[in-house]
Amino acid sequence: MNKRVEQIRTDALVAKTLYTKRLRVANGFKVAINILIIITPILFIAAQYVTKGTALAGLTDTTAFIGSILLLCLAIYTLSINLDGNIQKNVIGLKNNVYVASEALKLIDEVSDEKLNWFYTYVAEMDTVDADALSNVSEEERQKAYRSALMQLKPGDNSVVCPICGASPFRYTKGNCQVCGNKPVIIQ
Ligand SMILES: [Zn+2]
């Protein structure tokens, strides 16, 4: 078994987990914003219609005015953070890493240098993209992604352990392993 390819598969699975999480957050944010942008004006119009000519009309108008300004700010903010671009970047990162992880699984026992060198070059290029896109990940989040990667490392095999501390990713107790965050298993 090729250790370097195994390491590449682990890294790709870590990145896959991180991209998936980011994508879920960004998509959730997008849905929430879209709902707000659609629902809010409807509510304001309805409220203004209902309170028209009553003592509450002034209050409704003011609320609708402030609400519209807030909504406009939210729309500008969404444009400024380029939410769609961000979603797209995460989709591409996710796809690439799913591909690398599955190729690595195929190449794990490969001995042909030609095939491996092509793969290493491709992965090195992808790593630069990931390093840039996933630069602001907390240690805890990375450790969690690493444990999830270990669980997926060898499909159907749950005997896999963290190569640094020897703990099983399937049994998690908060510990001080730098890589997986688990409690190191003491080997006698
Ligand atoms: Zn560990």
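This section describes the domains, the helix packing and several individual residues of a predicted model. Residue numbers start from 1 along each chain, in the order in which its sequence is written. Because the model is predicted, local features are reported at pLDDT of at least 70 and side-chain atom pairs count only at pLDDT 80 or more, while totals for chains, interfaces and linings use all residues.

The chain is divided into domain 1 (3-136) and domain 2 (138-188), with bounds that come from an automatic or database domain assignment. The centres of domain 1 and domain 2, taken over C-alpha atoms, are separated by 27 Å. To the contact between them domain 1 contributes 6 residues and domain 2 contributes 6 residues, where two residues are in contact if their C-beta atoms, placed from the backbone, lie within 7 Å. On the side of domain 1 that touches domain 2, the residues divide into 3 nonpolar, 2 polar and 1 charged; in this classification Ala, Val, Leu, Ile, Met, Phe, Trp, Tyr, Cys and Pro count as nonpolar, Asp, Glu, Lys and Arg as charged, and the others, Gly among them, as polar.

Two packed helices are described by the angle between their axes and the distance between the axes. Helices here are DSSP runs (H or I, at least four residues), numbered from the N terminus, and their axes are lines fitted to C-alpha atoms over the stretch in contact, with angles that run from 0 to 180 degrees between N-to-C directions. Helix α1 (residues 3-51) and helix α2 (residues 57-80) have axes that come within 10 Å and cross at roughly 165°. That angle makes α1 roughly antiparallel to α2, given that angles under 35 degrees count as roughly parallel, over 145 as roughly antiparallel, 65 to 115 as roughly perpendicular and the rest as oblique. The crossing of α1 past α2 is left-handed, a term used if the near helix is turned anticlockwise from the far one by less than a right angle, with right-handed used if the turn is clockwise. On the α1 side the contact is made by I33, L36, I37, T40, F44, A47, Q48 and T51, and on the α2 side by A57, T60, D61, A64, G67, L71, L74, A75 and T78. The residues of this contact of α1 with α2 divide into 10 nonpolar, 6 polar and 1 charged.

Helix α1 also packs against α3, with axes that come within 8 Å and cross at roughly 155°. This makes α1 roughly antiparallel to α3, and α1 passes α3 in a left-handed crossing. By class, the contact of α1 with α3 has 19 nonpolar, 6 polar and 4 charged residues. Within helix α3 (residues 83-107) lies N90, which counts as buried because it has 22 C-beta neighbours inside 10 Å; a residue is buried if 20 or more other C-beta atoms lie within 10 Å of its own, exposed if 12 or fewer, and partly exposed in between, with C-beta atoms placed from the backbone. Leaving aside neighbours within four places in sequence, N90 is in contact with Y19, R22, L23 and A26. N90 and T20, 70 residues apart in sequence, are 7.6 Å apart in space from C-alpha to C-alpha. Helix α3 also holds Q88, which is partly exposed, with 13 other C-beta atoms within 10 Å. Q88 and T51 are 37 residues apart in sequence and 43 Å apart in space, C-alpha to C-alpha.

The loop between α2 and α3 contains N82, a residue that has a positive phi of about 50° although it is not a glycine. N82 is exposed, with 11 other C-beta atoms within 10 Å.

The axes of α1 and α5 come within 8 Å and cross at roughly 125°, an angle that makes α1 oblique to α5. Here α1 passes α5 in a right-handed crossing. The contact is formed by R9, T10, L13, V14, T17 and L18 of α1 together with A145, Y146, S148, A149, Q152 and L153 of α5, and by class it has 7 nonpolar, 4 polar and 1 charged residues. A149, found in helix α5 (residues 139-153), is buried, with 23 other C-beta atoms within 10 Å. Not counting residues up to four places away in sequence, A149 touches T10, L13, V14 and T17. The C-alpha atoms of A149 and V14 are separated by 5.3 Å, although these residues are 135 residues apart along the chain.

Note on methods: Helix = DSSP H or I, 4+ residues; strand = E, 2+ residues; numbered from the N terminus.
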